Amino acid sequence: MTDKISKDPAAAPAGSGPSGTPYEAIKAVPVRHYGRWVSGVVVVALLGWLVYAFSQGNIIWATVGDKLFDPSVLSGLWKTVLISVTSMALGLVLGILFAVMRLSKNPVTGAVAWLYIWFFRGTPVYVQLLVWFNLALIFEYINLGPIYKDETSQVLTPFMVALLGLGLNEGAYMAEIVRAGIQSVDEGQTEAAHALGMSQTKTMRRIVLPQAMRVIVPPTGNEFINMLKTSSLVSAVQYTELLRASSNIGSTAGAVMEMLFVASIWYLALTSVFSVGQYYLERRFARGSTRNLPPTPWQRVKTNLTTFKRSPEATA
């Protein structure tokens, strides 16, 4: 008596077709991206060639390591941070002020704000620094009547020239950034605040600006990082920041290129540190607009490490 083969698909064993024949295993063949491998090899080869060229150049790398923490270089580093922070603070204050003036319904304040932005954005910051540095040639004294009077050369010290040149120039760019942030806030927010009896100033301070910070913070962080590098221009007005301090050592020690590499290393360190701060500051102000914030780089590292540790256990 022979067994009958059931033709019922439900009675077929798992992994087999309706007639009971087993399915063949699907062999998935990944797509090969040869272009990626070729481009990767080319980039690595070019980087290797560049590293080899600098290693064989007439550069005393030991001098770079020895002068990296030279007291004069560290003093210039501190002055770079100082002038960058103070100039950015001045630019931020001026930016908020002139952005509000630009949006004002008063035609006089609006015109003055437009003129300020037009002038300082339209002329190079290097030229502005030189104008402030040579201002004593046309104004021998700064005379404010009974309030203050002194020689212009005594007032416009290298630090003050650098502060005015960088701060006033930055204020013009920050005014446009702040204006864009204010205009990104829905007008209904302002109307609701006025309906509650809040004044124009209080509405701007308590309602509009806090919401505009989400738009203002990212470009402001970029502006500050750019300020760290732009501060190297103030060496032309005899302010001994990082580049000038490094150049002074290089000219006296006969290590011009080595000291330029020292300055470059410190500029990279500064921009890297402040870029991390900018990332977390942007993340904080993005909480009101994003439900689930993306993981931070450190959180990604911990997740990958946890997955790597659990994978052998799961395999076992």
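**Helix Packing and Buried Residues in a Predicted Model**

Reader: In which helix does Ser247 lie, and is Ser247 buried, partly exposed or exposed?

Author: Ser247 lies in helix 10 of this predicted model. The C-alpha atoms of Ser247 and Val73 are 9.6 Å apart in space, although 174 residues separate the two in sequence. Because its relative accessibility is 34%, Ser247 counts as partly exposed.

Reader: In what order do helices and strands follow one another along the protein chain?

Author: The protein chain holds 12 helices and two strands. Read along the sequence, the pattern is α-α-α-α-α-β-β-α-α-α-α-α-α-α.

Reader: How do the residues of the contact of helix 5 with helix 7 divide into nonpolar, polar and charged?

Author: Helix 5 (residues 125–133) packs against helix 7 (residues 158–183) at an angle of about 140°, and the axes lie 9 Å apart. The crossing is right-handed. From helix 5, Val125, Gln128, Leu129, Trp132 and Phe133 meet Val161, Ala162, Leu164, Gly165, Leu166, Leu168 and Asn169 of helix 7. These residues divide into nine nonpolar, three polar and no charged.

Reader: Is Ser87 buried or exposed, and which backbone oxygen does its side chain reach?

Author: Ser87 is found in helix 3 (residues 71–103) and, because its relative accessibility is 0%, counts as buried. Beyond the residues up to four places away in sequence, Ser87 touches Ala162, Leu163, Leu166, Gly167 and Met227. At a distance of 2.7 Å, its side chain reaches the backbone oxygen of Ile83.

Reader: Which residues does Ser231 touch, residues up to four places away in sequence not being counted?

Author: Ser231 has its place in the loop between helix 9 and helix 10. A relative accessibility of 0% is the reason that Ser231 counts as buried. Apart from residues up to four places away in sequence, Ser231 touches Thr80, Ile83, Ser84, Leu166 and Glu241.

Reader: What phi does Gln238 have?

Author: Gln238 lies in the loop between helix 9 (200–230) and helix 10 (242–253). Most residues other than glycine have a negative phi. Gln238 is not a glycine, yet its phi is positive, at about 70°.

Reader: How far does the backbone oxygen of Leu268 lie from a polar side-chain atom of Thr271?

Author: Thr271 has its place in helix 11 (residues 256–285) and counts as buried because its relative accessibility is 13%. Leaving aside neighbours within four places in sequence, Thr271 is in contact with Ile225, Leu228 and Lys229. From the backbone oxygen of Leu268 to a polar atom of the Thr271 side chain, the distance is 3.0 Å.

Reader: What distance separates the C-alpha atoms of Arg179 and Leu103?

Author: Arg179 has its place in helix 7. Arg179 and Leu103 are 76 residues apart along the chain, and their C-alpha atoms are separated by 7.5 Å.

Reader: Is Glu151 buried, partly exposed or exposed?

Author: Glu151 has its place in strand 2 (residues 149–151). Residues up to four places away in sequence aside, Glu151 touches Glu140 and Tyr141. The C-alpha atoms of Glu151 and Glu140, 11 residues apart along the chain, are separated by 6.0 Å. Because its relative accessible area is 33%, Glu151 is partly exposed.

Key
Residues are numbered from 1 along each chain as its sequence is written. This is a predicted model: local features need pLDDT of at least 70, side-chain atom pairs count only at pLDDT 80 or more; totals for chains, interfaces and linings use all residues. Side-chain values use heavy atoms; hydrogens and water are left out. Helices (H or I, at least four residues) and strands (E, at least two) are DSSP runs, numbered from the N terminus. Axes are lines fitted to C-alpha atoms, for helices over the stretch in contact, and angles run from 0 to 180 degrees between N-to-C directions. A crossing is left-handed if the near helix is turned anticlockwise from the far one by less than a right angle, and right-handed if clockwise. Contact means heavy atoms within 4.5 Å. Ala, Val, Leu, Ile, Met, Phe, Trp, Tyr, Cys and Pro count as nonpolar, Asp, Glu, Lys and Arg as charged, and the others, Gly among them, as polar. Buried means under 20% relative accessible area, exposed over 50%, partly exposed in between (1.4 Å probe, protein chains only). A polar contact is a pair of N or O atoms within 3.5 Å; within protein, one must be able to donate a hydrogen and the other to accept it, and residues adjacent in sequence count only if both atoms are side-chain atoms.
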